[in-house]
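Visitor: I would like to learn how to read a protein model. Could we take the features one at a time?

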Amino acid sequence: MLNGNEVTAILPVKDMARARRFYENQLGLKPEGLRPDGKFIYRCGGTVLALFPRPGGTKAEHTAVSFLVDDLAAEIKALEARGVSFHEYDLPGFKTTNHIATLGCEMAAWFSDTEGNILCVHQDVK
């Protein structure tokens, strides 16, 4: 039924201008524009990423969006050069080394946007 449909990931933001600066300047996303309902849209591959104004921001403590990349280490380096700070974890059964955790068939690294949304970059392990 929905297999062939485009997906929109919606992220709550407290400060749209601040969030847009992060997504455009630090992540390098190309803006598509503001929608009549207040969402600001970016296209990422076959997915739409929508920033939605919400005074309370996010309450999520999980990964909201993950970007699949071909070279995780290179992407981390490029994002760090643009000011993105990655999270480090040292928990039982879950540890990052140089920002990266290996989880079965993928490697991943996490960071937060200016609004508190947890984002991830990940690479499939072959």
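Visitor: Which element gives the most to the lining of the largest pocket?

Guide: Keep in mind that this is a predicted model. As for the general idea, rolling a probe the size of a water molecule over the atoms shows where empty space is left. Here, β5 gives the most to the lining of the largest pocket, namely five residues.

Visitor: What is the volume of the largest pocket, and which residues are closest to its centre?

Guide: The volume of the largest pocket is about 320 Å³. Its lining consists of 18 residues, and Cys44, Val65, Ser66, Phe67 and Leu68 are the closest to the centre. Two or more lining residues come from each of β4 (47–53), β5 (63–68) and α2 (72–81).

Visitor: How many residues of each class are in the lining of the largest pocket?

Guide: There are 14 nonpolar residues, three polar ones and one charged one.

Visitor: What is the order of the strands in the open sheet that contains β5?

Guide: In general, strands of a sheet pair through backbone hydrogen bonds, either parallel or antiparallel. This open sheet has four strands in the order β5-β10-β9-β8, and the pairing is mixed. β5 and β8 (101–103) stand at the edges with a single partner strand each, so one side of each has no neighbour in the sheet. From one strand to the next, the twist averages 35 degrees.

Visitor: In which sense do β5 and β10 pair, parallel or antiparallel?

Guide: They pair in the parallel sense, over five bridges, with β10 covering residues 118–124. Within β10, Val121 is the bridge partner of Phe67. The helix α2 lies across β9 (106–112) and β10, and runs at about 150 degrees to β10.

Visitor: What is the strand order in the open sheet that contains β1?

Guide: The order is β1-β4-β3-β2, an open sheet of four strands with mixed pairing. β1 (7–13) and β2 are the edge strands, each with a single partner, so one side of each is left without a neighbour in the sheet. Neighbouring strands of this sheet are turned by 25 degrees against each other on average, direction ignored.

Visitor: What do β2 and β3 form, and how many residues lie between them?

Guide: They form a hairpin with five residues between the strands, and Gly38 in the turn has a positive phi of about 100 degrees. Strands β2 (residues 31–34) and β3 (residues 40–44) run antiparallel and are joined by three bridges. Pro31 has Tyr42 in β3 as its bridge partner.

Visitor: Which residues do ring pairs link into a cluster?

Guide: The cluster links Phe22, Tyr23, Phe40, Tyr42, Phe86 and Phe111. With ring centres within 6.5 Å as the rule for a pair, the count comes to eight aromatic pairs.

Note on methods: Residues numbered from 1 in each chain as written. Predicted model: local features only at pLDDT ≥ 70, side-chain atom pairs only at ≥ 80, totals over all residues. Heavy atoms only, no water. 1 Å grid on protein atoms, 1.4 Å probe; cavity = no way out; pocket = protein on both sides within 12 Å on 5 of 7 lines; lining within 4 Å. Points joined across faces, edges and corners; volume = space filled by probe spheres on them. Nonpolar A, V, L, I, M, F, W, Y, C, P; charged D, E, K, R; others polar. Pairing = 2+ DSSP bridges. Axes fitted to C-alpha atoms, helices over the stretch in contact; angles between N-to-C directions. Contact = heavy atoms within 4.5 Å. Phe/Tyr/Trp six-rings, centres within 6.5 Å; stacked < 30°, edge-to-face > 60°.
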